[in-house]
Amino acid sequence: MDLTTKYMGLKLKNPIIAGSSGLTSNLADILELEKAGASAIVLKSLFEEQILHNYKDKVSEVNLGEPYPEAHEYISRHTKQRVLEDYLDLVSRCKKVLTIPVIASINCITPYEWPSFAGEIEAAGADALELNIFFLPSDPQRMGALIEENYIEILNQVLMKVSIPVSVKVSPYFSGLSNALLRFSFTGIKGMVLFNRFFSPDIDIEELKVTAGPVFSSPDDINLPLRWIAMLADRIYCDIAASSGVHDGKALVKVLLAGAKAAEVVSICYTLGPSAIGKMLKFLEDYLQRHNYSSVSEIIGKMSLRQVENPADYERVQFLKYYSGIE
Ligand SMILES: Cc1cc2nc3c(=O)[nH]c(=O)nc-3n(C[C@H](O)[C@H](O)[C@H](O)COP(=O)(O)O)c2cc1C
């Protein structure tokens, strides 16, 4: 059975990528994921915010006053360099021992200063770069169009710095989601990851405290990316990888049928361990066999919006049947 797929120009031995998380922040866990069958890994993101945070910690630690602006400048550069060196070191160590592609990841919100890091990540040997861009659109004064322009500016800046394939990992929080993602795909990126998962606040009603919502996804989370993958797979100019809610082989088959070239899995690797990957691959293989396919590529996009008999099924948004008995 041919399980290979091509995602953002990378030839993958199967469609399961170990997504970015704490499990991809160190070589030991990464090796486990490779052993379990992952066809590529996305490293834990290097956060723009994390770099700045490190800088602030360092400055307050040595308690420099305003009279030493050049020292601030030195420490700022030095601390950023350390974080970056550790990251580049992880990239090159991974490249030395892994046989699967290594996708670096940067979480960013501005097109300033950091895109030159992307060039260094490429030089360290990364096979591709995933940009995790997210602004919570919480400012009522900020127009959606400006937010989208910022995405495009970031993508353009990074694409100018590297020749490895670049993908963007996005949220569904755009009012004109299809148009925004189409325009992102015009930049020349090779992949898009639908969708990222975010920290969500919750409320403790006894203690009246804001707490953390669930960290891991649930199997139901698959339905949101599934719709958008199916709607966009034939319409945007780059490959799609699914993310959020791929917990088993069935969900994997669904996102491939919808048009994803691969799926990035995380929560299930935390909750069941990396062996979940092997189980999903086994299901995929059995499914292909049962339906007389000989390769994964035969099912990719078979249920995309353009392929299904009734495309309106993907566009339907109201539960009419449940509210009024009318279908
Ligand atoms: C503990 C944890 C850490 C994560 N860290 C990152 C990260 O550094 N960068 C990133 O792009 N996504 C990160 N994610 C999001 C995952 O890559 C993934 O998009 C999300 O968990 C949805 O996939 P899943 O349903 O398979 O978990 C993290 C997720 C978890 C649970």
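These legends describe close-up views of one predicted protein model.

**View 1. The whole chain.** The protein has 327 residues, and 49% of them are buried. Its secondary structure comprises 12 helices and 13 strands. Take the contacts between residues at least 6 apart in sequence: 70% of these join residues at least 24 apart.

View 2. H1 covers residues 27-36. Which of its residues are buried? They are Leu27, Ile30, Leu33, Glu34 and Ala36. After H1 comes Gly37, with a positive phi near 120°.

**View 3. Ser39, a serine in a loop.** Ser39 sits between H1 and strand E4 (40-42). Is Ser39 buried or exposed? Its relative accessibility is 1%, so Ser39 counts as buried. The cut-off for buried is under 20%. Setting aside residues up to four places away in sequence, Ser39 touches a run of residues: Leu12, Lys13, Asn14, Pro15, Ile16 and Ile17 are among them. Ile100 and Pro101 also touch Ser39.

**View 4. Ser45 and its polar partner.** Ser45 lies in the loop between E4 and strand E5 (46-47). Ser45 has a relative accessible area of 6%, so this residue is buried. What does its side chain make a polar contact with? The partner is the side chain of Ser105, at 2.6 Å.

**View 5. Helix H4 and its buried face.** H4 runs over residues 115-123. Its buried residues are Pro115, Phe117, Ala118 and Ile121. Looking down the axis of H4, these residues fall within an arc of 135°, so they line one face of the helix. An α-helix has 3.6 residues a turn, so residues three or four places apart point the same way. Gly125 follows H4, and its phi is positive, near 115°.

**View 6. Helix H6 and what covers it.** H6 spans residues 177-185. Leu177, Ala180, Leu181, Phe184 and Ser185 are buried here. Down the axis of H6, the buried residues fall within an arc of 135°, so they too line one face of their helix. What covers them? The cover includes two helices, H5 (144-161) and H7 (223-232). It also includes strands E8 (166-170) and E9 (191-194).

**View 7. Phe184 and the nonpolar cores.** The largest nonpolar core has 94 residues. Which members touch the most other members? They are Leu131, Val170, Phe184, Met192, Leu194 and Val246. Now take Phe184, leaving aside its neighbours within four places in sequence. Phe184 is in contact with Glu148, Tyr151, Ile152, Leu155, Val170, Phe174, Ile189 and Met192. Another core, of 12 residues, lies apart from the largest one. Its members include Tyr7, Met8, Ile17 and Ile103.

**View 8. The largest pocket.** This pocket has a volume of about 1,000 Å³. How many residues line the largest pocket? The lining has 39 residues. Nearest the centre lie Asn132, Asn196, Arg197, Phe198 and Phe199. Helix H2 (48-62), strand E13 (262-265) and helix H9 (267-271) each supply at least two residues of the lining.

Note on methods: Residues numbered from 1 in each chain as written. Predicted model: local features only at pLDDT ≥ 70, side-chain atom pairs only at ≥ 80, totals over all residues. Heavy atoms only, no water. Buried < 20%, exposed > 50% of the residue type's maximum accessible area, 1.4 Å probe, protein only. Helix = DSSP H or I, 4+ residues; strand = E, 2+ residues; numbered from the N terminus. Core = buried A, V, L, I, M, F, W, Y, C linked by side-chain atoms within 4.5 Å. Contact = heavy atoms within 4.5 Å. Arc of directions from axis to C-beta. 1 Å grid on protein atoms, 1.4 Å probe; cavity = no way out; pocket = protein on both sides within 12 Å on 5 of 7 lines; lining within 4 Å. Points joined across faces, edges and corners; volume = space filled by probe spheres on them. Polar contact = N/O pair within 3.5 Å; in protein donor to acceptor, adjacent residues only side chain to side chain.
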